[in-house]
Amino acid sequence: MLSRFPVSLGRARGLLRGSVRCGGFVSAMAGGGGEDGHLGEFSEYMERLRNYERSGVPRGAGTDSDDGFDLGRMRRLLRCLGDPHTHFPAVHIAGTKGKGSTAAFLSNIMREQGYNVGCYTSPHLLTIRERISVGESGGPVSAAVLRNIFGHAKEAIDQSIESEDGALTHFEVFTALSYLLFSRENVDIAIVEAGLGGARDATNVIQSTELAASVITTIGKEHLAALGGSLQSIAVAKSGIIKQERPVIIGGPFSSDIEQILRDRAFLTQSPIISACDPGVRSITRCIRWDCGKPYQSCDIIIEISNNIPLFIELHDVKIQLLGDHQRQNAVTACCTALCLRELGWDISDSSIRAGLEKTQLPGRSQFLTEEETSVLGLDGASSVLVDGAHTEASAKALSDVIKTVKPRGPLAFVVGMANDKEHFAFAEQLLSGPRPDIVLLTEASIAGGRSRSMPASSLKEVWMTAAHSQGISYSDIGMITGIEAPIIASRRPAATGSSSSDTPMLIGCSSAPFSCDLIRVASRLLQGQADGDTGLICVAGSLHMVSSVLGQLRQ
């Protein structure tokens, strides 16, 4: 019999309770990146720490082996801070894709019910403050709050860095600060997204005594080398967040062998398991509608599970702003988690679940820009813009499906830049297997502030031409381009290669400079030559850093 989980836990004293609270430590949450200039010493301090997001994760670092990250280092740091992670219940979420969206859905559900929610996710788009939210708004933690909590903890962090011979990482320190803030703010619950894998991730210091539930969304081929080299090893790593006798919700769908790995771990830990793909779970997208220039999907979600944790809800016409079947599945996974928490004693109404799902927005996830936003980018209304951080084979398929559903007709352009450790050919194949693009422009994305991990645009172009040839798509190589060249290219129409098809060839080119929004304007000009009266769609994808560049210009 699954024990009920307490809604609140007692707090410790000392580091966790002293100092000024600024009228409620998080009295004001702010999203504007202009605040980052007020982070002061914090930004400089964090820049000096080892950052694997920038340099790349070492082989085997996420595996539960001698090559894996040292969780003992993280536990020792938290001990110096007063073990803040032991003072609130948490939902821990891992998965290759979907964990950020699921965390956002669940956080909003709990906020709608009136809980004081802490949420920790990664990576960020515009400001590191996005990774932490506390309280009712769900917005990024303010610079003042982050600076305050860092100042309070700096001496203990300094001591830990010295005792660990400088081995503490950027992610470890920032994760510890988030736990400290959640403790100081007396959150009712924390929703914590794992960074890499699960078993050896810095977030995985949460014990069964504090864990409300674990969630594993999907298993896919990302960070293969860091997580053991196979889908099976990735599943084993992510299953490491399952804890003794605490329920686990699995999203999926999974292949039978991968799901069995998760179920075997749950069996060993005597953890009740709930599947968002259970036969008693039914969901469907009824239609796509538009509101204020942005699309949403109208969905029905029905959950009737009568296993050891019975769950039931019936929701019709749920207006989900995150698009695609994969996001509907993430919403179902969040629903199952909320219903599990309700069965464990948390007060969560059906209306809060609906409202939380409907209010959830995530920048850079199948995000259609408004007409006002596209005008800021210098477009003349002839093209709409879709930005999506897709960078894996699975996310490329999901993006292709969104385009097929929301805008199946009209001229289409892709602007793509990727990191050098991604599956470039599989990514291109998936996007080319959907609505056929008229234009493909390849560029170089600035990965975590630098170009050392960026795939060269010329190499990426070769990959796309190979993928086009393999699918029998006629294309023309328009070479290296700049914004000034766009009208000339549109008029000269190079001879097609790669297919004997008589169709108008797809144009493939690459930028001679790192990505900027100028390339979107190039794509728009090129599309005008293909338009025939239809509004074109420009899709920016391949990396969250590409999305960040676009949204950063809009913010400025």
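**Before you start.** Residues are numbered from 1 along each chain as its sequence is written. In this predicted model, local features need pLDDT of at least 70 and side-chain atom pairs count only at pLDDT 80 or more, while totals for chains, interfaces and linings use all residues; side-chain values use heavy atoms, leaving out hydrogens and water.

**Stop 1: Arg-129 and Asp-36.** The structure holds 27 salt bridges. A salt bridge here is a side-chain nitrogen of Lys or Arg within 4 Å of a carboxyl oxygen of Asp or Glu. Arg-129 sits in the loop between strand S2 (117-120) and strand S3 (132-134), and Asp-36 in the segment before helix H1 (41-47), so the bridge links distant parts of the chain, 93 residues apart. Helices (H or I, at least four residues) and strands (E, at least two) are DSSP runs, numbered from the N terminus. Is Arg-129 buried or exposed? Arg-129 is buried, at 0% relative accessible area, and Asp-36 is partly exposed, at 23%. Buried means under 20% relative accessible area, exposed over 50%, and partly exposed in between (1.4 Å probe, protein chains only).

**Stop 2: Glu-53 and Arg-131.** Now select Glu-53 and Arg-131, a salt bridge with its closest N and O atoms 2.7 Å apart. Glu-53 belongs to helix H2 (residues 52-55) and Arg-131 to the loop between S2 and S3, so this pair ties together parts that are 78 residues apart in sequence. Glu-53 is partly exposed, with a relative accessible area of 32%; Arg-131 is buried, with 2%.

**Stop 3: helix H10.** Move to Glu-358 and Arg-354, which form a salt bridge with closest N and O atoms 3.6 Å apart. How many residues apart are Glu-358 and Arg-354 in helix H10? They are four residues apart in H10 (residues 350-359), which means about one helical turn separates them. An α-helix has 3.6 residues a turn, so residues three or four places apart point the same way. Glu-358 is partly exposed at 23%, and Arg-354 is partly exposed at 25%.

Stay on H10 and select Ser-352, Ile-353, Ala-355, Gly-356 and Leu-357, which are buried. Among the elements covering the buried residues of H10 are helix H4 (99-112), strand S9 (294-305), strand S10 (311-320) and helix H9 (325-343).

**Stop 4: a network.** Finally, select Lys-97, Glu-222, Asp-421, Lys-422 and Arg-453, which salt bridges link in a network.

Notes: Contact = heavy atoms within 4.5 Å.
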